[in-house]
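Please keep the structure in view while going through the points, which are grouped by topic.

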Amino acid sequence: MDKWLSHPTALKIISLALGILLWAVVHFDSERSPNSVASLTEVKDYEAVQVKAVGLDENNYSLRLVEPTAVQLTVRAPRSSLLQTTPDDFQVTVDVSEAKEGSQVLPISISKPKGMEIVSKQPSTVTVVLERLITKEFEFQVQTEGTPANGYKLGQPIVKPNNRVHVTLPEGIMEDVGFVGGKVSVEDEESTISEKKVKVVVLDKEGQEMPEAIATPSVVEVEIPITMPFKRVPLQIGLTGKLPDGLAMDTFVPSVDQVSIYGPQDELDKYDFYDGINVDLSKLSQSGTIELNIPPKEGIVSVDPSKVTIKYTLVPISVKTLTQLKVTFISLSDGLKAKITIPETGTVDLPVRGATSVLAGVGASDVQLIADLNGFGPGSHIVPLDVHLPSFVEQTSSIPITVTIEITDEAATTDPPAGGTDPGTGDGSTDTTGNETGDAGTGNTGNPGDAGNTGAGNTGANEDPGTPAGTGNADSGNNPANSSGGGVDGSSGTLDPGSVDGNEDSPDSGTDTDTGADPGTNPNDSGSNSSNNSSSEGSSGNGTNSGQPDSGESSAGSGTNP
C-alpha cells in the first residue's frame with residue numbers, strides 16, 4: 001500500500017480527483033436545479049454610451065448635430081466579465097461617410113468586448129445634421145497686454161511667416177467672426193520681444209471663443225519691437241574756418257537731413273534740432289566727400305543714423321553786388337524815431353562773393369541788415385550793421401558796413417494843432433491911419449488868416465498917422481502879449497509875451513482909456529471893450545475903450561478864433 005501511494009502516477013490521479021471534488025463543491029447550489037448549475041452568465045444594462053460619428057469629410061462638411069448623443073445598451077455576459085467591463089469599453093458609432101449636407105437618420109454600430117452579447121440598444125438610429133464648410137482669410141491681430149518699463153515705446157508687431165490666417169467654419173456662422181489673432185504680454189519689458197509663439201484664437205463678435213473654427217496656421221511667430229522714446233529732428237551741420245582764397249562752395253549735400261534721437265522723454269523735449277557737427281572749410285581744397293560721426297549728446301542714449309556723408313563741390317569764386325537793401329532797426333527806445341541819413345537813399349549796396357550758381361539765386365529777400373539801436377538817444381549816430389547772408393555767401397570785405405542814423409524825439413517834433421490859443425485878448429486892430437487902439441485881449445494864433453489880430457496891450461492914443469503899427473508907447477494899461485514882427489493883416493509874428501515892438505517889456509498895471517475916433521466900422525467892436533488879461537509874467541489890468549468903431553482893415557474879437 002505504501003509502495004503504491006509513493007508511486008508518481010498514483011499521486012497524479014489522486015490530485016486530479018481532489019481538484020474535481022473541490023470545483024464541484026464551489027459551484028454546487030442546492031436550491032438550483034441541476035440544469036441551472038451549468039448556466040454561469042448574467043444580463044446588465046449600460047446607460048449613456050456616447051455616440052461617435054465616423055467617416056466625416058472634414059474638408060467639406062461640419063457635423064452640426066448628432067441626436068441623441070448617447071444610447072442605452074443591454075448586455076449578456078459571464079458575471080466575471082461584466083464585473084470588469086465599463087461603458088467606455090463599448091464603441092457606438094454612426095457612419096456619415098455617405099451622408100449629404102442637411103439632416104438625415106442613420107443607424108448606429110456597436111463594437112463590444114469579446115464574449116459579450118448585445119441583447120438590445122435604445123435607440124438603434126440617430127439623427128445627423130451636416131453643414132458645408134467655407135474658408136475665409138483674416139488678418140492676424142496682435143493684442144498687447146501691460147505697459148513696457150521706463151517709458152519704452154512699442155513698435156509695430158511683426159507676424160511670421162505673414163499676418164494672414166485662413167479660418168474654416170460652417171457657412172452659417174462665418175459672419176459671426178469678430179477677431180482672429182493672439183495676445184502677448186509686454187508688461188515691464190525693456191527689449192524687443194522676438195520669436196514669441198502665439199496660438200491663433202478665433203473669437204465671435206461677443207468676444208467668445210469659437211471652438212469649431214479651424215485656423216491655418218494654428219500657431220504663428222510674433223516679434224514686437226520695444227524701443228526707447230525717440231524724436232525726429234533736423235540735423236544742423238556747422239561750418240568753421242574759411243575756404244582757401246579763390247574757391248567757393250557750389251554744392252554741399254548731406255546724406256541725411258534728419259536724425260532720430262533716443263533717450264528719456266524729458267531730454268528729448270529739449271531738442272528742436274540736433275547740432276554739434278562741424279565742417280572745417282579751411283581743410284577743403286578740392287571737391288570730394290566727407291564722412292562725419294554723429295555722437296550722442298549728454299542725456300541722449302543714441303542717434304540714428306550714427307554717421308552722415310557730405311558730398312561737396314568747389315568752384316572758382318564770383319562777385320555780385322546786392323543793391324538797395326533795406327536796413328531793419330531793432331531795440332529803439334520808446335518815443336524815439338530813427339531815419340538813415342547816410343546813405344541818403346536810406347538803403348545799402350552790398351558786394352558779396354560765392355559760387356556763380358549760388359549767387360544767381362540770392363536776392364534782397366535773402367539778406368538781412370540789422371541796426372541795433374539799443375542805448376542810442378536823440379542825435380546823429382554812426383551805427384555798424386549786422387549782416388546775415390545765406391550759406392556759402394560772404395561779404396567781399398571784412399570791414400564792417402556802417403550807416404548814419406538820425407534819432408529824434410517824436411514828442412519834440414510834433415507840430416502844434418491848428419487853432420491854438422493866443423494869449424492876447426481884445427481889439428488890437430491896426431488901421432491904415434496908424435492909430436492902434438483897444439485893450440489887450442485873448443485871441444487865437446496859428447491861423448494865418450487871423451495874423452495881425454493879436455492884441456498887444458493898450459498903447460494909448462496915437463494921433464500920429466505916421467507912426468507904424470505896434471510902435472506906440474506903452475501906457476499904464478496891461479500889456480500881456482505882443483506879436484513880434486508887427487500885427488499887420490495877412491502876416492503872423494512870433495509871440496513875445498509882454499512886448500509891443502518885439503522887445504521884451506515889463507507889463508504895466510493900471511487903467512488905460514482910449515477915446516480915439518475912427519469913421520470905420522468894425523462889427524466885432526461895440527464901442528466898449530473891457531477884458532481881463534493875463535500877462536506872461538502873471539500881472540493883470542483892466543482897460544476901457546469908449547471910442548467909436550475903427551476903420552481898420554482887420555478886427556479881432558474876444559474869445560476863440562477858429
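Does F392 count as buried, partly exposed or exposed? F392 counts as partly exposed, because its relative accessibility is 23%, and a residue is called buried only under 20%. The model described here is predicted, and its protein chain holds six helices and 36 strands.

**The chain as a whole**

- Of the 562 residues that make up the protein chain, 33% count as buried.
- Among contacts in the protein chain with a separation of 6 or more, 71% are accounted for by residues 24 or more positions apart.

**The largest pocket**

- The largest pocket has a volume of about 450 Å³, and its lining is made up of 21 residues.
- K242, L281, F392, V393 and E394 are the lining residues that lie nearest the centre of this pocket.
- Three strands, β18 (230–240), β19 (247–254) and β28 (348–354), each supply at least two residues of the lining, and β19 gives the most, with three residues.
- Sorted by class, the lining of the largest pocket has 12 nonpolar, five polar and four charged residues.

**Aromatic pairs**

- A pair of aromatic rings is described by the distance of the centres and the angle of the planes.
- Four aromatic pairs are found when the whole structure is searched.
- One of them joins F230 and Y262 in a tilted arrangement, with 5.5 Å from centre to centre and 35 degrees between the planes.
- This pair links distant parts of the chain, since F230 belongs to strand β18 and Y262 to strand β20 (residues 258–262), 32 residues apart.
- F230 itself is partly exposed, with a relative accessible area of 40%.
- F252 and F392 form another aromatic pair, which is also tilted, with 5.2 Å centre to centre and 50 degrees between the planes.
- Here too distant parts of the chain are linked, with F252 in strand β19 and F392 in the loop between β30 and β31 (394–395), 140 residues apart.
- F252 counts as buried at 18% relative accessibility, whereas F392 counts as partly exposed at 23%.

**The nonpolar cores**

- In soluble globular proteins, nonpolar side chains tend to be buried together.
- The largest nonpolar core has 26 residues, of which L350, L369, L385 and I405 touch the most other members.
- At least two residues of this core come from each of β25 (318–325), β27 (336–342), β28, α6 (356–360), β29 (368–372), β30 (379–388) and β32 (402–409).
- Another core lies apart from this one and has 24 residues, among them Y274, V279, I294 and V308.
- Leaving aside residues up to four places away in sequence, I405 touches F329, A338, K339, I340, T341, A371, L373, G379, S380, H381 and V383.

**V367 and its surroundings**

- V367 has its place in the loop between α6 and β29, and V367 is buried, with a relative accessible area of 10%.
- Not counting residues up to four places away in sequence, V367 touches L322, L325, L350, V362, H388 and L389.
- One of these contacts, H388, is 21 residues from V367 in sequence, and the two are 5.8 Å apart in space, C-alpha to C-alpha.

**Backbone exceptions**

- Most residues other than glycine have a negative phi, and most peptide bonds are trans.
- The peptide bond from E67 to P68 is cis, with omega near -5 degrees, and P68 is placed in the loop between β2 (61–67) and β3 (70–78).
- The peptide bond from Q122 to P123 is likewise cis, with omega near -5 degrees, and P123 is found in the loop between β6 (117–122) and β7 (125–139).
- D188, although not a glycine, has a positive phi of about 60 degrees; D188 lies in the loop between β12 (177–185) and β13 (193–199) and counts as exposed at 52% relative accessibility.
- S331, which is not a glycine either, has a positive phi of about 65 degrees; S331 sits in the loop between β26 (327–330) and β27 and is partly exposed, with a relative accessible area of 41%.

Key. Residues numbered from 1 in each chain as written. Predicted model: local features only at pLDDT ≥ 70, side-chain atom pairs only at ≥ 80, totals over all residues. Heavy atoms only, no water. 1 Å grid on protein atoms, 1.4 Å probe; cavity = no way out; pocket = protein on both sides within 12 Å on 5 of 7 lines; lining within 4 Å. Points joined across faces, edges and corners; volume = space filled by probe spheres on them. Helix = DSSP H or I, 4+ residues; strand = E, 2+ residues; numbered from the N terminus. Nonpolar A, V, L, I, M, F, W, Y, C, P; charged D, E, K, R; others polar. Core = buried A, V, L, I, M, F, W, Y, C linked by side-chain atoms within 4.5 Å. Buried < 20%, exposed > 50% of the residue type's maximum accessible area, 1.4 Å probe, protein only. Contact = heavy atoms within 4.5 Å. Phe/Tyr/Trp six-rings, centres within 6.5 Å; stacked < 30°, edge-to-face > 60°.
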